[in-house]
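Trainee: Before we look at anything, could you show me how to read the contacts and the burial in a model, taking general idea and case in turn?

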Amino acid sequence: MTGALSKVYFFLIGLFLALPMIVVAGVSVNAKQTLAFLPKGFSLSWYGEIFLNPEWRNALFASLTLAILSAALAVAIALPLAWFLWRRIAPWANIFQLLGIAPFTLPPVITALGLLTFWATTGFYGQPWTAVVSHAIFFVTLPLVTLSLGFTAIDRSLVEAAATMGADDRTIFRTVVLPLILPYIVSGYAFAFVLSLNEYIVAYMTVGFTMETLPIKIFNALRYGYTPTMASVTILFVATAAIIFSLVARFGDLPKLLGAMSSDDT
Amino acid sequence: MRREAPQKLSDYGPLFFPAMMLIVFFVVPFATMIAVSFFQRQQGGFYVPAFELANYQRFLSLFFANVLGFSLMLAVTVAICCVVLAVPFTYLLTRMTRKVQIVWLVALLSVLSLSEVIIGFAWSTLFSRTAGITNLLVMAGIMSEAKALLPSFGAVLTGMVYQAFPYTVLVLYPALVRLDPTLTEAARTLGASPIKAFFTVVIPALRNTITATLIMVFIFALGSYLLPQLLGRPQHWTLSVLITDQAIYQSNMPFAAAMAVFLVLVTLGLVALTVIAGRKGEAA
């Protein structure tokens with residue numbers, strides 16, 4: 001009886017999460033440029049539109065470039081920081097851990113507005129690279145959290161053994177720590193990449209007037225009415241996120257990354 | 001290698017790049033924003049350095065009080081809805097096999113990563129007259145005519161719960177997945193039904209987690225900047241929407257910055273509350 005009840009509950013929650021995407025997937029295959037569900041006719045042309053229409057293609061290209069670079073920069077900031085905090089006893093350095101977590105915890109408008117005033121004051125406002133730096137700072141939290149988790153999972157005796165054999169810090173990092181931490185680097189990168197791809201407000205406030213990322217393009221298009229390409233892009237986004245997170249789960253321990261014990265312990 | 005205090009200056013090497021980046025691109029911008037909140041606005045979207053409290057004095061208006069009141073009320077409602085839905089969901093989820101958990105976690109992460117633009121667009125489609133949910137109800141014979149369900153408060157609330165629900169589950173997940181299963185087993189052995197065991201054993205054991213989650217989700221919902229605009233009427237605009245509007249469309253940076261500083265203070269106050277609640281939880 002309770003089993004059935006929880007099945008119904010999970011079904012309803014699943015429906016709630018999936019329903020908007022089902023309807024959007026439905027309207028994305030309409031044959032004509034109408035907002036109709038159930039779809040009238042069937043056509044995949046709106047998916048082609050993302051790659052054929054130069055405006056959408058440019059936005060896609062801008063978003064991908066931004067996500068690839070900013071996620072890399074976020075990892076480049078998080079990795080040495082997490083390594084230092086694990087390697088050294090320096091309580092005051094925890095302030096940087098806090099600074100790394102703050103941008104993501106505060107309401108996003110605040111980080112966005114802070115960066116907007118900063119770029120405007122320094123005169124770099126609107127330059128594409130400012131968006132890369134802004135996103136890297138905004139999303140540094142994600143690799144920082146996964147990497148801190150990854151470092152705590154490393155058995156210190158392994159590193160100690162390498163040190164006893166005469167390896168210096170640099171060698172230890174390259175030959176022992178890096179291979180062990182690599183899965184966490186990859187998942188931290190993946191989280192930052194997917195979120196950067198979807199991010200709107202920080203991108204809009206920093207480069208919104210000079211360049212269009214996909215979320216900005218969708219929003220701008222939304223203000224002038226409806227085009228089915230929005231629907232196909234939305235589905236593309238959901239599919240990308242689902243694929244990337246599935247890959248993280250396939251090659252890593254997703255429940256553990258999200259706070260569960262590792263599967264070997266249970 | 002044991003952890004040891006840095007001895008040479010070069011031991012600080014790895015810290016240099018992250019520290020510099022975080023200071024230059026987070027601390028300094030934050031300080032810039034605070035400074036701008038005291039600046040004087042000029043015609044045409046510019047502002048000049050000054051020290052005036054006029055931007056803050058604008059808070060003392062009925063309009064602003066209404067916006068603030070509505071923002072807080074909306075965020076509280078969203079937080080309560082999410083926690084009520086998510087606690088039983090997460091509890092049941094953590095009792096499932098790891099494989100099933102992974103499928104749900106991937107789905108939740110995918111929804112969580114969606115931008116507000118996309119969530120807003122998806123729900124405005126779902127609530128629209130021509131492609132919306134009411135068409136299904138008409139087909140099922142429950143309604144006689146399809147109609148638009150937005151803009152409305154219900155639409156804003158639904159969209160925001162949709163956005164915050166995966167976040168709520170992921171905040172609750174670590175605490176619930178580590179919850180000692182023998183607690184409920186003991187209750188079951190003593191004859192409690194699963195539902196009774198959930199309400200009399202699990203919920204009290206999680207009291208502090210639930211309080212902390214409520215505050216986290218409240219802050220998350222307070223940050224929603226587009227959904228009230230896309231799904232609601234102007235009276236449903238929140239502080240975050242107003243900040244975006246002032247900064248971009250009204251080009252009034254000093255006022256936007258002052259509101260942002262205010263929002264930070266509200267948020268930090270609540271984070272402090274969370275920490276205190278957490279400390280109490282550890283002591284108990």
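Mentor: Two residues are in contact if their C-beta atoms, placed from the backbone, lie within 7 Å. In chain B, among contacts between residues at least 6 apart in sequence, 67% join residues at least 24 apart. This is a predicted model, in which local features need pLDDT of at least 70 and side-chain atom pairs count only at pLDDT 80 or more, whereas totals for chains, interfaces and linings use all residues. Residues are numbered from 1 along each chain as its sequence is written, while chains are lettered from A and ligands numbered from 1 in the order in which they are written.

Trainee: How many residues of chain A are in contact with chain B?

Mentor: There are 74 from chain A, in contact with 71 residues of chain B. Helices (DSSP runs of H or I, at least four residues) are numbered from the N terminus, and helix α1 (residues 2–28) of chain A gives the largest share of the side of chain A that touches chain B, 11 residues.

Trainee: Which residues in α11(A) are buried?

Mentor: A residue is buried if 20 or more other C-beta atoms, placed from the backbone, lie within 10 Å of its own. In α11(A) these are A:Leu214, A:Pro215, A:Ile216, A:Lys217, A:Ile218, A:Phe219 and A:Ala221. Because 7 of the 10 residues of this helix (residues 214–223) are buried, helix α11 of chain A is largely enclosed by the rest of the structure. The cover over its buried residues includes α3 (54–87) and α9 (169–198) of chain A, together with α5 (116–126) of chain B. Just after α11(A), A:Gly225 takes a positive phi of about 105°.

Definitions and conventions
Helix = DSSP H or I, 4+ residues; strand = E, 2+ residues; numbered from the N terminus. Buried ≥ 20, exposed ≤ 12 C-beta atoms within 10 Å, placed from the backbone.
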